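Here's a quick briefing to read alongside the model. Start with the surface, then move on to the helices.

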Amino acid sequence: MNLSTADEESAQEIHIPADVDWQMLDKSKFFFLGAALFSGVSATLYPVVVLKTRQQVAQSQVSCVKTAISIVRHEGFRGLYRGFGTSLMGTIPARALYMTALEVTKSNVGIATIRLGIPEPTAAAIANAAAGLSAAMAAQLVWTPVDVVSQRLMVQGGENPKIPNSTSTCKYLGGIDAFRKILSTDGPRGLYRGFGISILTYAPSNAVWWASYSVAQRLVWGGIGCYLSKKDEVSSENGVNTFRPDSKTIMAVQGLSAAMAGGVSALITMPLDTIKTRLQVLDGDESGRRGPTIGQTVRNLVREGGWMACYRGLGPRWASMSMSATTMITTYEFLKRLSTKSQESLTP
């Protein structure tokens, strides 16, 4: 794949490896290695997710550092991994759905937009946005029940009296116990509490992220091309200044672009994520009334801390999404390279 820029003095080309599409992948290797790699990524970033969730359900503003210290002091380091087993077991099938929908949609939409005569940069952004949207919607079929269970386990030991497990004695003994109790109390709807707003949160978030990632990559590569041309660190081929980056440079650009896209996406969708988390975690009152609606959740947040209460946990979520995006995209691109079919398999 070539990224070309032109100025009054000379033309420049940056040669980076072509993208690996769905037809080029060994599917069994792709899913097996993907499960192993992304399980490691999830384990690394999970404590940040726990901190974000605790902040979002708190009735007053508490800093991330104080939240972390409180968890470690009262619950030990294991408190930072509450619900991790449940989350991990759900992440594997959810990731499989996500990656399949992502690659199939990106490949098909990319081909369709190019055939319509849309310029390649715009076509890439459209294909990435559509792929992110469809992948998020498919994955939420698995992720929403997993989120409901794992988030309830995450907040055990918290201080919000409306959370069903905020006392020192845990209401849930584990993921399976939580699943059974939620199912017996609220039925299947209890496991899909917040499903609608999860779609409204993650679908646009993924669309924004993948489109932003595509645009950010081109901006970063364009900046690198301009910088190197001024430093005379590019070779000339047929009158065109050419730069062929090594694998480390490619990974660095992918990571930086992912972090930029993650920050933008986190900022835009933070209020929806806070509302979603509260809907999935908070129970009804002792008289048996159902949990709060979206409108009641928003009013409670505004009453507790004004509109800025909708941005509680923004710091951890920004950090989590940026770090997750950076590790995810570098891992994902590495995974696709590892899973590429041999040249003999690709020839008809």
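Accessible areas here come from the Shrake-Rupley method with a 1.4 Å probe, and for residues only the protein chains shown count as cover. On that basis, the chain has about 17200 Å² of accessible surface, 63% of it belonging to carbon and sulfur atoms. Keep in mind that this is a predicted model: local features need pLDDT of at least 70, side-chain atom pairs count only at pLDDT 80 or more, and totals for chains, interfaces and linings use all residues. Residues are numbered from 1 along each chain as its sequence is written, and side-chain values use heavy atoms, with hydrogens and water left out.

**Whole chain**
- You'll find eleven helices and four strands in the chain; these are DSSP runs (helices H or I, at least four residues; strands E, at least two) numbered from the N terminus.
- Of the 348 residues, 47% count as buried (under 20% relative accessible area; exposed is over 50%, partly exposed in between, with a 1.4 Å probe and protein chains only).

**Helices α1 and α10**
- The axes of α1 (residues 27–57) and α10 (residues 314–338) come within 10 Å and cross at roughly 175°; axes are lines fitted to C-alpha atoms, for helices over the stretch in contact, and angles run from 0 to 180 degrees between N-to-C directions.
- That makes α1 roughly antiparallel to α10 (the cut-off is over 145 degrees).
- Contact (heavy atoms within 4.5 Å) involves residues including Phe 30, Leu 37 and Val 41 of α1 and Met 323, Thr 327 and Tyr 332 of α10.

**Gly 295**
- Gly 295 sits in helix α9 (residues 294–305) and, at 32% relative accessibility, counts as partly exposed.
- Gly 295 and Ile 275 are 20 residues apart in sequence and 9.5 Å apart in space, C-alpha to C-alpha.

Technical notes: Parallel < 35°, antiparallel > 145°, perpendicular 65-115°, else oblique.
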